[in-house]
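Biologist: I'd like to go through this one with you. Can you put it up on the screen?

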Amino acid sequence: MKIRARRVASNQLQIPFGRLLIAVVVPAYNEAAVLAESLKSLSTVVSSDHIYVVSDGSTDQTARIAKASVPNVLALKKNRGKAGALKALITKFRLTRRYDYIFFFDADTRISREFLKRVRRMLVDEKPALLVGTVGSGRNGLISAYRAYEYGFSHFFYKNAQNAMGTIVVAPGCASVYRSDVIDALDFTNHTLTEDLDLTMQIHHRRLGRIVYCPQATVATQDPATFSDYWKQINRWNTGFWQNFFLHKLYQPNRKINLEVLLLVADVGLWLVILALAAVHPLVILKLYGLSLLISTSLGVATVALTGQFWALPYAPLFGFFHLINLSSLIYSLFRATVRGRQPLSWQKVSRYALSQS
């Protein structure tokens with residue numbers, strides 16, 4: 001794709017090795033508690049003229065806060081879901097015609113000052129279909145500590161390996177930069193709970209271009225404050241995973257990306273087999289949990305140390321508990337996805353709190 005050099009507004013994103021136009025899109029549904037700080041964070045790295053917010057039928061002050069912060073706001077009266085809201089925003093402002101790349105950003109997220117500086121050279125030089133950044137966690141107790149480990153492990157090990165093999169499974173909705181012509185080729189009407197996984201799979205299966213990972217492009221997203229919200233969030237993510245698993249027929253080992261997904265599923269399946277065997281011999285359960293605790297603690301200590309998240313180290317012995325919760329959620333979500341299928345489901349948001357507390 002030839003990088004376009006068109007003027008969108010008086011403020012352009014100038015870079016020393018070329019000119020690149022990037023729009024930032026922020027879908028928001030009842031995000032009054034966090035939106036102002038997120039937009040303030042964004043405004044430190046990109047002109048507000050290039051920030052676009054859609055309030056998806058919000059019933060709080062989300063739309064008002066957005067309009068007070070940036071000039072480009074679409075306030076939908078009826079809730080369309082995250083994917084539908086994104087599509088409405090992109091269409092309303094004709095973003096794919098006016099920009100080279102579109103950066104998807106969540107309303108509960110803060111961006112690092114170096115984000116665009118880190119990604120723009122890759123965008124100009126490699127012209128990927130999609131660029132994926134690194135998601136980090138806030139410092140807000142046990143759940144955030146586990147997330148620091150989970151995000152750190154998935155990015156440091158999985159994302160780097162998947163990047164080398166060309167099999168990045170999911171582009172997070174809060175840190176992904178799409179090429180404009182790719183956006184035009186995607187279907188936003190699949191009604192899954194994880195639109196980011198859906199769009200990523202479409203790029204792979206339709207052979208729309210390379211998906212690349214930029215480790216230094218970081219954002220920090222808000223973690224659930226309670227175990228109830230944690231359970232709700234992972235159920236949404238896991239239900240969305242299973243929806244996409246069947247929607248895109250990822251169970252068929254006929255593509256490289258499908259094989260990568262099947263390897264991830266096989267890892268979960270192995271744990272389920274072990275648990276089933278342990279149920280036959282109850283005493284094995286304690287040994288199994290002890291082994292799981294040892295492995296998760298060791299991996300947790302190594303990961304948070306390698307990623308510099310030393311504040312999370314005291315929580316490492318509790319990470320095995322989350323592993324069991326996540327396995328339980330995967331089983332429950334499989335049933336939920338097969339029962340609900342492709343029916344449109346709500347945002348299923350967790351409770352927000354002021355970003356200054358995270």
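Biologist: Is tyrosine 230 buried or exposed?
Modeller: Tyrosine 230 counts as buried, because its relative accessibility is 1%. Buried means under 20% relative accessible area, exposed over 50%, and partly exposed in between, with a 1.4 Å probe and protein chains only. This is a predicted model, where local features need pLDDT of at least 70, side-chain atom pairs count only at pLDDT 80 or more, and totals for chains, interfaces and linings use all residues. Residues are numbered from 1 along each chain as its sequence is written, and side-chain values use heavy atoms, with hydrogens and water left out.

Biologist: Which residue forms an aromatic pair with tyrosine 230?
Modeller: Phenylalanine 322 does, in an edge-to-face pair with 5.3 Å centre to centre and 80° between the planes. Rings of Phe, Tyr and Trp (its six-membered ring) pair if their centres lie within 6.5 Å; planes under 30 degrees apart count as stacked, over 60 as edge-to-face and the rest as tilted. Tyrosine 230 sits in helix H9 (residues 227–247) and phenylalanine 322 in helix H12 (residues 319–340), so the pair ties together parts 92 residues apart in sequence. Phenylalanine 322 is buried, at 0% relative accessibility.

Biologist: How many aromatic pairs does the structure hold?
Modeller: There are 26 aromatic pairs in the structure. Tyr230 and Phe322 also belong to one aromatic cluster, whose members include Tyr146, Phe153, Phe227 and Phe319.

Biologist: Switching topic. How many helices and strands?
Modeller: The protein has 12 helices and 10 strands. Those are DSSP runs, numbered from the N terminus: helices are H or I with at least four residues, strands E with at least two. Of its 358 residues, 53% count as buried.

Biologist: Which residues are buried in helix H2?
Modeller: Thr62, Ala63, Ile65 and Ala66 are buried in H2, which spans residues 62–69. Seen down the axis, they fall within an arc of 165° and so line one face of the helix; the arc is that of the directions from the helix axis to the C-beta atoms. Arg64, Lys67 and Ala68, on the other side of H2, are exposed.

Biologist: What covers the buried residues of H2?
Modeller: The cover includes strand E3 (22–28), helix H1 (35–43), strand E4 (51–56) and strand E5 (72–76).

Biologist: And in H1, which residues are buried?
Modeller: Leu35, Ser38, Leu39, Ser41 and Leu42 are. Their arc around the axis is only 155°, which puts them on the same side of H1. They pack against E3, E4, H2 and E7, counting contact as heavy atoms within 4.5 Å.

Biologist: What lines the largest cavity?
Modeller: The lining includes Ala83, Phe188, His191 and Asp198. Helix H8 (residues 195–205) gives the most to this lining, with 3 residues. The volume is about 30 Å³. On a 1 Å grid over the protein atoms alone, a cavity is a set of points where a 1.4 Å probe fits but cannot get out, and a pocket is an open set with protein on both sides within 12 Å along at least five of seven lines; lining residues have an atom within 4 Å of a point. Grid points are joined across faces, edges and corners, and a volume is the space filled by probe spheres set on the points.

Biologist: Which residues lie nearest the centre of the second largest pocket?
Modeller: Thr134, Val135, Gly136, Thr218 and Gln309, out of 20 lining residues. The space in that pocket is about 380 Å³. H6 gives the most to the lining, with 6 residues.
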